[in-house]
Amino acid sequence: MALTLSEIVAALGGQLHGDPAVTIAGLAPLESAGAGELAFLSNPKYRQQLAASQAACVIVGPAMQAAALARPAHGGACIVTPDPYLYFARLTQLWRRASGRGPKPGIHPSAVVDAEAIVDPTASIGPLCVVERGARIGAHTVLKSRVTVSEDCRIGARCLLHPGVVIGADGFGFAPNAGAWEKIEQLGAVSIGDDVEIGANTCIDRGALQDTVIEDGVKLDNLIQIGHNVRIGKHSALAGCSAVAGSATIGAHCTVGGAGMVLGHLTLADNVHISAASLATRSLLKPGQYSGVFPIDDNANWEKNAATLRQLHKLRDRLRALEKSNEQRLSEP
Amino acid sequence: MALTLSEIVAALGGQLHGDPAVTIAGLAPLESAGAGELAFLSNPKYRQQLAASQAACVIVGPAMQAAALARPAHGGACIVTPDPYLYFARLTQLWRRASGRGPKPGIHPSAVVDAEAIVDPTASIGPLCVVERGARIGAHTVLKSRVTVSEDCRIGARCLLHPGVVIGADGFGFAPNAGAWEKIEQLGAVSIGDDVEIGANTCIDRGALQDTVIEDGVKLDNLIQIGHNVRIGKHSALAGCSAVAGSATIGAHCTVGGAGMVLGHLTLADNVHISAASLATRSLLKPGQYSGVFPIDDNANWEKNAATLRQLHKLRDRLRALEKSNEQRLSEP
Amino acid sequence: MALTLSEIVAALGGQLHGDPAVTIAGLAPLESAGAGELAFLSNPKYRQQLAASQAACVIVGPAMQAAALARPAHGGACIVTPDPYLYFARLTQLWRRASGRGPKPGIHPSAVVDAEAIVDPTASIGPLCVVERGARIGAHTVLKSRVTVSEDCRIGARCLLHPGVVIGADGFGFAPNAGAWEKIEQLGAVSIGDDVEIGANTCIDRGALQDTVIEDGVKLDNLIQIGHNVRIGKHSALAGCSAVAGSATIGAHCTVGGAGMVLGHLTLADNVHISAASLATRSLLKPGQYSGVFPIDDNANWEKNAATLRQLHKLRDRLRALEKSNEQRLSEP
């Protein structure tokens with residue numbers, strides 16, 4: 001598997017400086033790339049690595065062009081493009097297509113697809129997947145192995161569902177009944193837009209009465225829990241182990257860091273960003289970054305501070321008392 | 001799929017005000033229900049929605065009867081019942097039964113069930129499930145798709161296990177041995193009572209020597225981790241992404257919020273409630289609600305407060321010093 | 001299933017005090033073991049249980065030998081060994097082997113193994129597993145049921161992968177592109193050493209360009225997320241629901257408690273221990289225990305302290321102001 005630089009710029013554009021006939025055998029990080037490998041520089045803070053890089057060619061932005069050309073190795077071969085990171089993303093896609101390794105359309109013989117499910121002929125249903133009655137799988141969508149899409153759930157076009165994903169299990173709904181729990185059957189389904197990616201073992205529950213909705217372009221990492229009746233707006237991205245509790249609404253272009261969490265029935269505006277391991281306990285209606293994590297420390301310090309934290313309210317009262325005493329003193333003649 | 005109001009009250013009781021021949025085509029939330037849909041009002045704080053609701057009929061408690069009858073739409077049609085939320089739960093069950101959509105008894109041909117497993121003939125083992133040697137599945141229990149029940153584990157009657165559930169993987173037990181880990185084979189199993197529901201991709205580990213025990217009526221949401229030797233008491237309910245570490249004992253009628261966690265070897269009394277994302281680090285022997293979460297804030301505020309928190313113990317010392325100095329001043333003549 | 005004490009010491013060593021012909025029908029905790037059962041005492045804090053134990057025989061260290069011999073039941077029968085916990089671990093292994101219950105080599109007929117995967121003939125591929133093209137499974141490695149090993153991923157020898165494990169799903173990599181996300185194809189794979197155990201539904205993502213690496217002897221519990229390009233050093237152990245974000249490097253002999261988390265691109269030195277539910281937000285280059293958890297409290301106290309915590313930085317400023325005022329007073333004549 002190899003591509004020449006001329007094949008690459010023919011496919012992806014960019015201004016090539018260097019020999020177009022050079023063959024690229026792989027993509028690699030800037031600091032470890034060797035001859036025959038292509039690297040990229042996006043973040044200016046790694047510019048030091050540029051001069052020393054042994055990469056056959058380097059993808060850079062216009063501001064780095066001079067530095068790239070001055071690189072001793074390979075006569076400073078480089079591809080100049082306005083957004084090197086985006087170029088790199090497209091290059092990985094080109095690379096994968098060229099390797100001929102993509103999923104093939106059709107239903108793997110080991111998959112269990114209900115006769116009343118509707119699967120687009122260009123979709124790929126991998127080994128040991130389950131697609132239940134009334135489910136719909138859109139064009140060019142890929143279910144890797146061991147994915148379940150439950151009754152009546154709809155997946156749009158060009159989606160990618162990784163192994164172990166569960167779409168449309170029952171939402172967690174029970175009415176209390178004399179100390180026990182009476183099940184609320186979950187009569188809604190899940191509706192997933194186009195261009196959505198869902199990571200391994202992630203779960204999206206079906207709605208209680210109406211659908212749980214994942215809009216176009218949303219990206220979900222692994223082991224995420226999406227509760228019933230949730231709506232996630234376009235192009236939002238949630239990192240691994242995050243969770244959104246039932247009936248929460250997340251706007252467009254939001255992000256949730258790893259193990260970040262949104263409580264039920266809350267609303268997050270567009271462009272709200274929740275930091276890793278932080279818990280949104282109230283609606284966040286202004287764009288911005290929100291955090292709430294106890295800072296890590298060596299265990300002995302943490303123990304002392306945590307113990308004191310349990311007295312914090314009383315400390316504030318003591319501080320107030322001192323302030324009052326001080327004010328009195330200052331007002332004394 | 002439709003039911004008349006008279007069919008509904010015939011099945012579930014309640015006092016119907018309005019035309020029993022009216023046909024209900026679906027259940028819907030109070031604020032969005034249209035003609036032909038049935039809604040309910042349980043929480044008095046939503047009573048404003050009642051007057052405006054276009055629902056064909058509304059399920060209400062006795063205290064709301066007058067308000068329901070005064071509703072302009074559909075002559076104030078309503079069903080009055082002591083517990084509207086419980087009535088609604090039962091209605092969802094009736095609806096699902098009437099739709100004929102429940103699981104069918106028997107073992108799906110794609111499931112792998114060991115010849116030495118015992119599966120009740122009324123149980124339903126869905127596609128691509130694995131039931132290992134010595135496992136027992138009780139009457140009317142449903143394993144949706146891709147569930148694993150490992151060797152010798154027992155599931156009671158009327159349980160519901162969602163896709164991806166793993167019952168009886170090895171508990172996490174190792175003895176340190178010269179810098180490496182020596183495996184402790186997990187010789188116990190898992191014992192699950194009746195009427196237990198287990199959410200998608202949730203894991204319950206087998207015991208080291210004795211069984212991990214989940215008592216009757218327990219409800220577990222998705223992506224939950226239950227360690228070896230744990231016992232969870234009757235009718236406790238754990239929300240998504242929560243975790244109970246090895247050898248912890250949770251009483252009856254407890255709840256754990258999403259991503260809440262109980263450390264190993266702890267005991268929670270009956271009726272203990274752990275808030276979302278809170279970590280029980282000590283046994284909690286008194287009923288009540290327990291919490292421990294860093295409050296979310298905009299990132300700039302959080303950073304300042306978190307940095308100060310790392311000095312909290314020293315702040316307390318400084319406060320004490322001030323208090324002493326102040327006491328001295330006050331005791332001076 | 002039973003073993004005599006003489007068979008046990010013949011296999012595992014140790015100094016037997018008591019009748020070697022006694023038959024052991026099971027292993028049990030010290031406090032509940034009955035006649036016919038074997039128990040062990042490792043932690044001296046449980047020595048009180050020793051005198052009262054009804055176990056047929058007790059495994060103890062040299063320091064407990066006298067106390068064990070003085071036990072009234074069964075004439076103080078005991079096995080003395082330098083490390084009773086390690087002895088117990090090996091005994092569980094002996095027990096399991098003797099029960100004949102281990103996995104059998106070979107590929108279960110329901111598994112889907114690509115023709116271009118390489119599976120050692122001594123490996124065991126359980127029901128409904130998926131092993132993709134180019135994957136390699138080492139000698140004596142066991143994939144329980146419903147495990148996915150994706151393209152080109154390598155698993156070493158004597159590994160144990162529990163149900164639902166996903167090795168080699170795509171890492172979470174996207175380049176922003178005009179408000180949407182452009183996929184970065186993940187061209188690396190996953191490389192797992194020897195003697196690694198991986199818990200149920202745990203996910204290890206493939207690298208972006210190079211491999212995600214799990215070194216020899218690592219133990220991962222259930223529902224863990226390992227991001228792309230991560231490296232975990234030898235004999236490190238991570239408890240359930242923990243997560244390691246992309247490109248983090250964890251040294252050898254580290255531990256991460258349940259739901260502990262390491263942010264991306266960080267480095268943990270050898271012998272770093274992260275407490276349960278704590279988030280490593282910076283590299284930790286010194287061995288030791290690190291923690292960061294808001295201490296749990298009854299909800300009313302927590303609410304007060306959490307509210308005050310949001311003002312902590314201002315409290316510190318007020319404290320400073322008081323200190324200054326106090327200093328001024330003290331410096332006054």
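**View 1. The lining of the largest cavity is made up of 27 nonpolar, 12 polar and no charged residues.** In this classification, Ala, Val, Leu, Ile, Met, Phe, Trp, Tyr, Cys and Pro count as nonpolar, Asp, Glu, Lys and Arg as charged, and the others, including Gly, as polar. The structure is a predicted model, in which local features need pLDDT of at least 70 and side-chain atom pairs count only at pLDDT 80 or more, whereas totals for chains, interfaces and linings use all residues. Residues are numbered from 1 along each chain as its sequence is written, chains are lettered from A and ligands numbered from 1 in the order in which they are written, and side-chain values use heavy atoms, with hydrogens and water left out. The volume of the largest cavity is about 650 Å³. Among the 39 residues that line the largest cavity, those closest to its centre are Ala259(A), Ala277(A), Ala259(B), Ala277(B) and Ala259(C). A cavity is here a set of points on a 1 Å grid over the protein atoms alone where a 1.4 Å probe fits but cannot get out, and its lining residues have an atom within 4 Å of a point. Grid points are joined across faces, edges and corners, and the volume is the space filled by probe spheres set on the points. Over the whole structure, the search finds 5 cavities of 30 Å³ or more.

**View 2. The second largest cavity has a volume of about 110 Å³.** Its lining consists of Leu312, Leu315, Arg316 and Leu319 from chain A, with Leu312(B), Leu315(B), Arg316(B), Leu319(B), Leu312(C), Leu315(C), Arg316(C) and Leu319(C). The elements that give two or more residues to this lining are α6 (312–331) of chain A, α6 (312–331) of chain B and α6 (312–331) of chain C, where helices are DSSP runs (H or I) of at least four residues and strands are runs (E) of at least two, numbered from the N terminus. By class, the lining of the second largest cavity holds 9 nonpolar, no polar and 3 charged residues.

**View 3. His228(A) carries the UniProt annotation "active site", which comes from an unreviewed entry.** Such annotations may be inferred rather than shown by experiment, and their positions are given in the numbering used here, with feature names shortened. His228(A) lies in the loop between β26 (225–226) and β27 (231–232) of chain A, and is buried, with a relative accessible area of 14%. Buried means under 20% relative accessible area, exposed over 50%, and partly exposed in between, for a 1.4 Å probe and protein chains only. Beyond residues up to four places away in sequence, the contacts of His228(A) include Gly171(A), Phe172(A), Asp205(A), Arg206(A) and Ser247(A), contact meaning heavy atoms within 4.5 Å.

Terms used. On a 1 Å grid over the protein atoms alone, a cavity is a set of points where a 1.4 Å probe fits but cannot get out, and a pocket is an open set with protein on both sides within 12 Å along at least five of seven lines; lining residues have an atom within 4 Å of a point.
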